[in-house]
Every structure is written in C-alpha cells, then in structure tokens.
Amino acid sequence: MRKQVLLVGWEPSVVDFSKLPALDLNEQKLRQQLTADRDKLIAAGYDTEWCYLEGEATAERMLNEALQTKRYDCVMIGAGVRLPADYHLIFEKLVNLVHRNAPAAAICFNTNPADTADAVMRWV
C-alpha cells in the first residue's frame, strides 16, 4: 500500500517573501518547486497531497479538516511556516494539531521548497 503523505505550507499567493530572504523566492518559483517535489514523491510511490494554508486565522481549521480525510503516514510542515519568528505560535499549534489528530504519523520539516521530498523520505 502506498504511504500517505500530507504536505503543509502557505498557499504561495499569500507568502510574504520578505520574511524568507535567504530562499530567494517569488510566487512562481515557490509554486514550481513545491509541485516538483510533490511530483517527485508521487513518482517514488507516495500518495501525496498539499494542504495549502491561506492565513493564520484559518490555518488550524484547514489542517484539521485535511487530517480528518485519511490516515497519514507522514506530515511535513514547510519551512515557510516554521522559520519566520513571528509564525512561532502558529507553528506550535500546527505541530500539536498533527500530534493529536495523526499520532502515528511521522512529522518532518523541510529547509526549503526543493528538499520537501528528502524530508519525507527520511521518515517514511
């Protein structure tokens, strides 16, 4: 059976790229990298989908809804949610939401959009 993977991150159209200057991204580059790594996981035999968060006010609800759809073997929370210091609280909330609603799932983190597949493959 294919491993079920949920990738979590900001919808590229809502990303404040000034908070991630070291990554040298814009919406188009980010979307391309995220799609490429999702496709890499699918080609490697993972059933993979994105949960794109549209903002802090709805992030918990959106992730909770995604976690209710199936049992996931791995949940990857993206660097854009984890790295900017002002997202610290929402990041903690999302990790705890995954812990409560998908306790058997591995939780992993990428360091940039192009190493998402590597992060998942470390754990499943």
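Buried means under 20% relative accessible area, exposed over 50% and partly exposed in between, with a 1.4 Å probe and protein chains only. The model is predicted, so local features need pLDDT of at least 70 and side-chain atom pairs count only at pLDDT 80 or more, while totals for chains, interfaces and linings use all residues. Residues are numbered from 1 along each chain as its sequence is written, and side-chain values use heavy atoms, leaving out hydrogens and water.

**Exercise 1. Helix H2**

Task: Find which residues of H2 are buried, and state what they pack against.

Solution:
1. Helices (H or I, at least four residues) and strands (E, at least two) are DSSP runs, numbered from the N terminus. H2 covers residues 56-67, twelve residues.
2. From first C-alpha to last, H2 reaches 17 Å, close to the 16 Å expected at 1.5 Å a residue; the expected span is 1.5 Å times one less than the number of residues.
3. Ala 59, Met 62, Leu 63, Ala 66 and Leu 67 are the buried residues of H2.
4. Seen down the axis of H2, these buried residues fall within an arc of 130 degrees, so they line one face of the helix. The arc is that of the directions from the helix axis to the C-beta atoms.
5. An α-helix has 3.6 residues a turn, so residues three or four places apart point the same way.
6. With contact taken as heavy atoms within 4.5 Å, the buried residues of H2 pack against strands S1 (3-10), S2 (46-53) and S3 (74-77), and against helix H4 (88-101).

**Exercise 2. Glu 11**

Task: Decide whether Glu 11 is buried or exposed, and list the residues that Glu 11 touches.

Solution:
1. Glu 11 sits in the loop between S1 and H1.
2. Its relative accessibility is 15%, so Glu 11 counts as buried.
3. Leaving aside residues up to four places away in sequence, Glu 11 touches Arg 31, Tyr 52 and Leu 53.

**Exercise 3. The largest cavity**

Task: Describe the lining of the largest cavity by residue, by element and by class.

Solution:
1. A cavity is a set of points, on a 1 Å grid over the protein atoms alone, where a 1.4 Å probe fits but cannot get out; lining residues have an atom within 4 Å of a point.
2. The lining has 16 residues, with Leu 30, Leu 34, Ala 79, Gly 80 and Pro 113 nearest the centre of the largest cavity.
3. S1, helix H1 (27-43) and helix H3 (79-82) each give two or more residues to this lining. H3 gives the most, three residues.
4. Ala, Val, Leu, Ile, Met, Phe, Trp, Tyr, Cys and Pro count as nonpolar, Asp, Glu, Lys and Arg as charged, and the others, Gly among them, as polar. The lining has eleven nonpolar, five polar and no charged residues.

Notes
1 Å grid on protein atoms, 1.4 Å probe; cavity = no way out; pocket = protein on both sides within 12 Å on 5 of 7 lines; lining within 4 Å.
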